[in-house]
Amino acid sequence: REKIDKILTEIEEEQKQNIAEVENTSVFSFSQDDIDSILKKGSGFENGKFRIYKQLTTDVTNKENVEFLKKEYGIGGFSDDTIGWVNYGAKGITLQNSDTNKEYTISWANVVDRISGLINQDRYLSYYEKDEYNDWLDLNELEKNKKEDIIKNPDYELAKKLYSVVK
């Protein structure tokens with residue numbers, strides 16, 4: 001049984017590696033790293049990234065998350081040095097390579113899945129953004145969700161304790 005489990009694990013790892021290699025080859029206009037970089041910018045509105053993080057760590061349905069993202073991003077976009085053009089619309093986020101004019105649209109459901117994956121991997125907020133996020137929660141008198149326990153900044157916790165003593 002152990003040998004079978006080991007073989008299955010090796011096959012799964014090989015498949016993951018193959019998928020990653022295919023996604024990052026030049027056949028595709030946009031690598032997963034390019035897509036992640038765009039998604040990690042948030043909606044482009046002030047504190048939009050924090051609102052997205054808060055929403056996607058709340059225990060609600062994917063449909064509710066999709067509707068939230070549609071409203072948060074709205075209709076618009078921006079130019080990006082790496083990608084070219086990034087547009088938000090009813091169908092999702094569309095990336096357009098300005099050199100090749102190739103387009104790739106990520107549906108809102110896939111945007112929810114990918115950002116959730118980045119959050120679960122602790123790759124959505126940077127170290128400094130985590131600190132800013134905690135400040136944003138305090139400023140807006142918001143509580144952390146249960147899923148947000150991954151944000152544990154020791155400096156923030158120490159400052160919070162000191163503040164409560166001084167207060």
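Is Gly 77 buried, partly exposed or exposed? The model is a predicted one, and in it Gly 77 has a relative accessible area of 44%, a value that falls between the limits of 20% for buried and 50% for exposed, so that Gly 77 counts as partly exposed.

Gly 77 belongs to strand β1. Leaving aside residues up to four places away in sequence, Gly 77 touches Val 86, Asn 87 and Tyr 88. The C-alpha atom of Gly 77 is separated by 9.7 Å from that of Leu 95, a residue 18 positions apart from Gly 77 along the chain.

## Overall composition

The secondary structure of the protein chain amounts to 7 helices and 4 strands, which follow one another along the sequence in the pattern α-α-α-α-β-β-β-β-α-α-α. Of the 167 residues in the protein chain, 34% are buried. When contacts between residues at least 6 apart in sequence are considered, 50% of them join residues at least 24 apart.

## The sheet and the helix packed on it

The 4 strands form an open sheet with the order β1-β2-β3-β4, and their pairing is antiparallel. Strands β1 (76-80) and β4 (103-107) stand at the edges with a single partner strand each, so each has one side that is left without a neighbour in the sheet. On average, and with direction ignored, neighbouring strands of this sheet are turned by 15° against each other.

Strand β3, which comprises residues 92-97, pairs with β4 in the antiparallel sense over 5 bridges, and within this part of the sheet Gly 92 stands opposite Ser 107 of β4. Helix α5 packs on the sheet, where it touches β3 and β4, and the direction of α5 makes about 75° with that of β4.

## Helix α3 and its surroundings

The buried residues of α3 are Gly 48, Lys 49, Phe 50, Ile 52, Tyr 53, Lys 54, Gln 55 and Leu 56. These buried residues pack against α4 (62-73), α5 (108-120) and α6 (127-139).

The axes of α3 and α5 come within 10 Å and cross at roughly 90°, and the two helices are therefore roughly perpendicular to each other. In this contact, Ile 52, Tyr 53 and Leu 56 of α3 meet Val 112, Ile 115, Ser 116 and Ile 119 of α5, and the residues involved divide into 6 nonpolar and 1 polar, with no charged residue. The axes of α3 and α4 likewise come within 10 Å, but cross at roughly 175°, and these helices are therefore roughly antiparallel to each other. Here Gly 48, Arg 51, Ile 52, Gln 55 and Leu 56 of α3 meet Glu 64, Asn 65, Phe 68, Leu 69, Glu 72 and Tyr 73 of α4, and the residues of the contact divide into 5 nonpolar, 3 polar and 3 charged.

## Aromatic pairs

A search of the whole structure finds 9 aromatic pairs. In one of them, the ring centres of Phe 50 and Tyr 133 lie 5.6 Å apart and the ring planes are at 65°, so the pair is edge-to-face. This pair links distant parts of the chain, since Phe 50 lies in helix α3 and Tyr 133 in helix α6, 83 residues apart. Phe 50 counts as buried at 8% relative accessibility, and Tyr 133 is buried with a relative accessible area of 0%.

For the rings of Tyr 127 and Tyr 128, the centres are 5.4 Å apart and the planes at 85°, so that this pair too is edge-to-face. Tyr 127 is partly exposed, with a relative accessible area of 45%, whereas Tyr 128 is exposed, with a relative accessible area of 63%. Which residues form one aromatic cluster? The cluster is made up of Phe 50, Tyr 53, Tyr 124, Tyr 133 and Trp 136.

Note on methods. Residues numbered from 1 in each chain as written. Predicted model: local features only at pLDDT ≥ 70, side-chain atom pairs only at ≥ 80, totals over all residues. Heavy atoms only, no water. Buried < 20%, exposed > 50% of the residue type's maximum accessible area, 1.4 Å probe, protein only. Contact = heavy atoms within 4.5 Å. Axes fitted to C-alpha atoms, helices over the stretch in contact; angles between N-to-C directions. Parallel < 35°, antiparallel > 145°, perpendicular 65-115°, else oblique. Nonpolar A, V, L, I, M, F, W, Y, C, P; charged D, E, K, R; others polar. Pairing = 2+ DSSP bridges. Phe/Tyr/Trp six-rings, centres within 6.5 Å; stacked < 30°, edge-to-face > 60°.
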